[in-house]
Amino acid sequence: MRRNTLSLLALGAILTIIGLALAAPLVAPYDPDAPQAEETLQAPGWRHWLGTDIYGRDQLSRIVWAARVDLLVALAATAMALTTGCVLGALAGYRGGLVDQVVMRLVDTIMAFPAFILAMGITAAAGNATANVVVAIAITHVPIYTRLIRSEMLRVREMEYAEAARTVGNRQRRIIFFHLLPNCFPPVIVQATLAMGFAILTVAALSFIGLGIQPPQSEWGAMAAEGASYIVSGEWWIFLFPGLAIMVTVLAFNLVGDSLRDLLDPRMRGVA
Amino acid sequence: MGLGRYVATRVLLVLPTLFGVTLITFALTYLLPGNPALVKAGPLATPEHIREMERQMGLDRPVPVQYWRYLSGVLRGDFGESATTGRPVLQDFLQRVPATLELTLASMLIAIAVGIPLGVVAAVRRDGPVDHASRLLGVGGVAMPTFWTGLLAVYLFFYHLGVAPPPLGRLSPGVMAPTALTGLYAVDALLTGNARALGSALHQLMLPSLTLGFSVMAPVTRMVRATMLEILESDYIKAAWAAGLPRRTIVYGDALRNCLIPVITLVGVVFGFLMAGNVVVEIVFAWPGIGNYAVTSLLTKDAAPIQGFVLFVAVVYVLINLTVDLVYGVVDPRIRLR
């Protein structure tokens, strides 16, 4: 029961964050990029709930606008990785043989890199652009989905309904993507929800080190990086709130992912 | 499968992976937009100059030839040259690896020293206070961006409480580095009996290693807890209970010992997380390691160190996972049958 309340709270948090991101122009009290010379480095207060930065930009407005970037990049990367992973995993699992070998070697190679390091290398090579960050994160996430779908596909292709679909003479492509793939989805959905959190952490860490999303575009990791210089002079609100935004968002996705897993796979309940 | 054959197969399997890794880093270095000749020749270069540069760098040759040149270079330890420091990337690396190694080892030690007992107690006293704390760490800890944990630590322990030194590298200003033996300042200072350097090195190491250690503590705890739970449910533990053995013998003798074997595989996973965390933690604490070097090179658009770093980390990662597999095969013969 308590667990359910927590999951609902988390789901509510995700919806709220998405809602705020979509409604950014309406809810953000100030222009996120407008410098205000007379309002620099204001501590949180009535005029600026979360304070202002060195240029006098309103932190709350910037955090709300930044939610758009972080969520969109994470969502696009997850969608891209999911699609690629589904196609590769389905083909590898259903066809086996050479296709399977090639796909799995490719996946192994990507997994030979720690994910963040590979994302860093790709973004550095491809250049600083939001689209490149999306592709970089997507590439590092493809192996998870490919392996999951492949193992599910190995299971369902032996099922009777798969046999039935073959017997009545469906084309292979139709069997794979229409009859079998949807049955592989449950664990993948769980994984995708958890991967959203991981993707957000990666975007933030990439822009924290100066890769990817470029200023003045506000992004949580980049904002925290700006705030780092003001810690020694005691302006704590600049680094604190963007990080808090990341933590709450990632936490919400993880909690929802965990309860989805419990729902879809009751054996895992309370174990991990 | 005998041990010898297991080792041989496992080592041979690494070769295609390493080949794939160099293919990817090669692609990152040479095939993506951004002509390296253009960068090297500088902004004022004429088209003839650029073509000459391309010829010199071998960029006009077919791609397989270029890859071969790249691979043979890498095998000779040639990772290119840093445009910023003007030195071979490998040389810059070797100078900075000890700093990264010191931070990584200290963090791993912290994560294991806290994570394993926490996971064990959480499993043994399931749904008790420690278990709840471990779950909180499991969900909360992994949601915190590592750079932010680091910044929080600096704010709390340096700015507010004043118990930590400023986040500026491996030694306080004015303290001489100890005589280099291993390159790990804390170890070197200990070995040479240099108390001043030892104190300073440990003091500087405190916050970065706690930050990084904290970032991987959650996965360690989670896995130890899950493994321990599984073992506590197993038949031989039930048999031990039925035989009336004392609780301590069962939990901390039989169960814990068997739990630690799968935990060996953690080292590989944890190392992957640590390498990612290293990069941001080294930035937050101005720690002069290879992650810091790579990021500094990013800012000056210096490609060779970054790609060298990616390759270096991937190779080390592959080798560590290989070692983990081999050790696992030795301590748990069942694994060799798969």
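The model on screen is a predicted one. How exposed is B:Val327? Its relative accessible area is 36%, so B:Val327 counts as partly exposed.

Together with B:Val327, they make a nonpolar surface patch of about 290 Å². Which element gives the largest share of the patch? Helix α14 of chain B, residues 303–331, does, with three residues.

**Across to helix α1**

Stay on helix α14 and pick B:Asp325. Its side chain meets that of B:Arg10 in a salt bridge, 2.5 Å from N to O. This pair links distant parts of the chain: B:Arg10 sits in helix α1 of chain B and B:Asp325 in helix α14 of chain B, 315 residues apart. Is B:Asp325 buried or partly exposed? With a relative accessibility of 25%, B:Asp325 counts as partly exposed.

**Rings in chain B**

Follow helix α1 to B:Phe26. Over all chains, a search of the whole structure finds twelve aromatic pairs. B:Phe26 and B:Tyr70 form one that is tilted, with 5.5 Å centre to centre and 50 degrees between the planes. Helix α1 (residues 3–31) of chain B holds B:Phe26, and helix α4 (residues 63–75) of chain B holds B:Tyr70, so the pair ties together parts that are 44 residues apart in sequence. Colour by accessibility and check both: B:Phe26 and B:Tyr70 are buried.

Which residues do ring pairs link into a cluster here? The members are B:Phe19, B:Phe26, B:Tyr67 and B:Tyr70.

**Domains of chain B**

Zoom out and colour chain B by domain. The domain assignment gives domain 1 as 3–75 and domain 2 as 101–288. In chain B, the centres of domain 1 and domain 2 lie 37 Å apart.

Select B:Arg96 and B:Asp92. They form a salt bridge, and the closest N and O atoms are 3.8 Å apart. How far apart are they along helix α5? B:Arg96 and B:Asp92 are four residues apart in helix α5 (residues 89–124) of chain B, so about one helical turn separates them. B:Asp92 counts as buried, at 1% relative accessibility.

Next, show B:Asp127, B:Asp131, B:Arg135 and B:Arg225. A network of salt bridges links these four residues. For the whole structure, over all chains, the search finds 18 salt bridges.

**Arginine over a ring**

Select B:Arg170 with B:Tyr185. B:Arg170 lies over the face of B:Tyr185, at 3.7 Å from the ring centre. Then switch to chain A and select A:Arg174 with A:Phe178. Here A:Arg174 lies over the face of A:Phe178, and the distance from the ring centre is 4.4 Å.

**Last stop: a buried pair in chain A**

Stay in chain A and select A:Arg57 and A:Asp53. Their side chains meet in a salt bridge, 2.9 Å from N to O. Are the two partners buried or exposed? A:Arg57 has 7% relative accessibility, so A:Arg57 counts as buried. A:Asp53 is buried too, with a relative accessible area of 2%. The cut-off for buried is under 20% relative accessible area.

How values were computed: Residues numbered from 1 in each chain as written. Chains lettered and ligands numbered in written order. Predicted model: local features only at pLDDT ≥ 70, side-chain atom pairs only at ≥ 80, totals over all residues. Heavy atoms only, no water. Patch = residues over 30% accessible without salt bridge, like charges linked within 9 Å, V, L, I, M, F, W, Y side chains within 5 Å. Areas by Shrake-Rupley, 256 points an atom, 1.4 Å probe, with all protein chains shown as cover. Helix = DSSP H or I, 4+ residues; strand = E, 2+ residues; numbered from the N terminus. Buried < 20%, exposed > 50% of the residue type's maximum accessible area, 1.4 Å probe, protein only. Phe/Tyr/Trp six-rings, centres within 6.5 Å; stacked < 30°, edge-to-face > 60°. Lys NZ or Arg CZ within 6 Å of the ring centre and 35° of its normal. Domains from an automatic or database assignment.
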